[in-house]
Amino acid sequence: MNLMEMREVGKTYRRGSVFRSGLPLDALKNINFQIRQGGSVGLIGRSGSGKSTLCRLLLGLEKTSRGQVIYRGKDLAAFSKADWRSFRRRVQVVFQNALGSVNPRFTVQEIIIEPLLNYSTLTKGEKERKSAALLEQVGLRASEGTKLPHQVSGGELQRICIARALALGPEMIILDEAVSSLDMLIQSQILNLLKDLKRSFGVTYLFISHDLRIVSWFCDEILVLEEGRLVTRVRDLQEIEEDSDPALKELMASVLPPWPRQEGKGDRHAGRIRRRDRRCCPDAAL
């Protein structure tokens, strides 16, 4: 079953100022794709390709210029107030800038409880217990709930944002460059966490990134966005043919090999690095 769809979607902006309109800018052109329930879809593209615009349209933060965004068979443009309330509960998002997406004056516990204030009838004690349970589910201690955002690391804060996204029991989470600002070890830990949560809760993911290396490991299907158009849709990067779209070839060419070639004494050093990283990051997909 398709959870969300885009049908012939386009988005046009007007360049210029309030007093003088300029030429139209087509940020998205004729976008068509489906996200099946329980799947993991990766959306990749270079900066400026339209990934963030597509994310805002999926979340209903902006309206399409053309076409339809469909959630469970219904166009977002036809949503009632009750439909939007249900949609906001069931579709959550985790942004790249974790520090910018939380209130710096809130404690970790208050950050996680925040969505429960509007969408649940739990008592204060039940909300606090749920917050503690969510912290443990994302690999943190319940005692972290008393800290402020600046008192935790970037990786821990991103885990807290994931816990907040899970608080309402969503069926879909949009991850907009959610790990791109983290180092490789923390990226691996977060991605493993997301996979575990998918197995436990059956969450559907849309993983938006510019990093083909991560998306190819994490997602079941990959969509490539180039200059506002979906140019390629692949399931296995190992089976890409010679006539693949140039945009995908360019993205693949930018991916570093697993280990740089070393000569002479460098081989011994590279071996030590490999052994050390296997201990730190056993899933050596990254």
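Me: At what angle do the axes of helix α5 and helix α6 cross, and within what distance do they come?

Reply: In this predicted model, the axes of α5 (residues 154-166) and α6 (residues 184-201) come within 10 Å and cross at roughly 15 degrees.

Me: Why is α5 called roughly parallel to α6?

Reply: Angles under 35 degrees count as roughly parallel. The crossing angle is roughly 15 degrees, and therefore α5 is roughly parallel to α6. The crossing of these two helices is right-handed.

Me: Which residues make the contact between α5 and α6?

Reply: From α5, G155, R159, I162 and L166 take part, and from α6, I186, Q189, I190, L193, L194 and L197. Divided by class, this contact has 7 nonpolar, 2 polar and 1 charged residues. Gly counts as polar under this scheme, and G155 is one of the α5 residues in the contact.

Me: What makes α3 roughly parallel to α5?

Reply: The axes of α3 (residues 108-119) and α5 cross at roughly 30 degrees and come within 7 Å. The limit for roughly parallel is under 35 degrees, so α3 is roughly parallel to α5.

Me: What is the handedness of the crossing of α3 and α5, and which residues meet there?

Reply: The crossing is right-handed. V108, I111, I112, E114 and P115 of α3 meet I160, A163 and R164 of α5. This contact comprises 6 nonpolar and 2 charged residues, with no polar ones. Glu and Arg count as charged, and E114 and R164 are among the residues that meet.

Technical notes: Residues numbered from 1 in each chain as written. Predicted model: local features only at pLDDT ≥ 70, side-chain atom pairs only at ≥ 80, totals over all residues. Heavy atoms only, no water. Axes fitted to C-alpha atoms, helices over the stretch in contact; angles between N-to-C directions. Helix = DSSP H or I, 4+ residues; strand = E, 2+ residues; numbered from the N terminus. Parallel < 35°, antiparallel > 145°, perpendicular 65-115°, else oblique. Left-handed = near helix turned anticlockwise from the far one by under 90°. Contact = heavy atoms within 4.5 Å.
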